[in-house]
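Colleague: I would like to go through this model feature by feature. Please give the general idea each time, then the case at hand.

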Amino acid sequence: MTEYAIMVEPLAQADGGGWLASVPALPGCIGDGETPEEALADAERAIGEWMDAAKALGRELPGPSSLGQWRQRVPRSLHEKLKIVAAREGVSLNSYVASVLAENVGRVG
C-alpha cells in the first residue's frame, strides 16, 4: 500500500475501456487494467518505477501531497446537525464527515 493518493476512474469505450489509475503527486505516473483493482495494482508498481527513474535522473522525490487531515470551519448550526446525525449513526463526528465525503467523491469519480 502506498502513501500516495491514487485516482481510479473508468476509461471510455472509445479509449479502449477498462480503468485508469493516476498518481496526482507524480506527474505522468499512471497504471491501467481491466478492473479497478488491476489498475490500482499497476499504478502501485508504476510508483516504484517512477521513483527509480527520478533518482536516476537526480530529481527530487516528492512526498505525498496530503497528510490526510485539515481543519474546516463550518457554521455552528451545521456542526450541530452533523453531530446529531453522527450520534444517530453511532459514530464520531470525524468518522461521519469522512464517510460522507468519501461517498460523494465516489459519485463524482
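Colleague: Is K83 buried, partly exposed or exposed?

Modeller: Keep in mind that this is a predicted model. K83 has a relative accessible area of 38%, so K83 is partly exposed.

Colleague: With which residue does K83 form a salt bridge?

Modeller: The criterion is a side-chain nitrogen of Lys or Arg within 4 Å of a carboxyl oxygen of Asp or Glu. K83 forms a salt bridge with E80, and their closest N and O atoms are 3.5 Å apart. E80 is partly exposed, at a relative accessible area of 39%.

Colleague: Where do E80 and K83 lie, and how many residues apart are they?

Modeller: E80 and K83 belong to helix α2, residues 76-89. Because they are three residues apart there, about one helical turn separates them.

Colleague: How many salt bridges are there by this rule?

Modeller: The count is two. Besides the E80 and K83 pair, the side chains of R45 and D42 meet in a salt bridge, at 3.4 Å from N to O. R45 and D42 are both in helix α1, three residues apart, which is about one turn of the helix. D42 has 23% relative accessibility and counts as partly exposed.

Colleague: Which residues form the negative surface patch?

Modeller: A patch takes residues with over 30% relative accessible area and no salt bridge, and like charges are joined within 9 Å. Here D32, E34, E37 and E38 form a negative surface patch. E38 sits in helix α1, which covers residues 36-56. The relative accessible area of E38 is 40%, so E38 is partly exposed.

Colleague: In which sense do β1 and β2 pair, parallel or antiparallel?

Modeller: Pairing requires at least two bridges between two strands. Strand β1, residues 7-10, and strand β2, residues 19-22, pair in the antiparallel sense over four bridges. Strand β3, residues 30-33, is joined to β2 by four bridges, and these two strands also run antiparallel.

Colleague: What are the partners of W19 in these pairings?

Modeller: W19 in β2 stands opposite P10. In β3, the bridge partner of W19 is G33.

Colleague: Where is Q13, and is Q13 buried or exposed?

Modeller: Q13 lies in the loop between β1 and β2. Its relative accessibility is 68%, so Q13 counts as exposed. The C-alpha atoms of Q13 and R76 are separated by 46 Å, and these residues are 63 residues apart along the chain.

How values were computed: Residues numbered from 1 in each chain as written. Predicted model: local features only at pLDDT ≥ 70, side-chain atom pairs only at ≥ 80, totals over all residues. Heavy atoms only, no water. Patch = residues over 30% accessible without salt bridge, like charges linked within 9 Å, V, L, I, M, F, W, Y side chains within 5 Å. Areas by Shrake-Rupley, 256 points an atom, 1.4 Å probe, with all protein chains shown as cover. Lys, Arg positive; Asp, Glu negative; His and termini not counted. Charge placed at Lys NZ, Arg CZ, Asp CG, Glu CD. Buried < 20%, exposed > 50% of the residue type's maximum accessible area, 1.4 Å probe, protein only.
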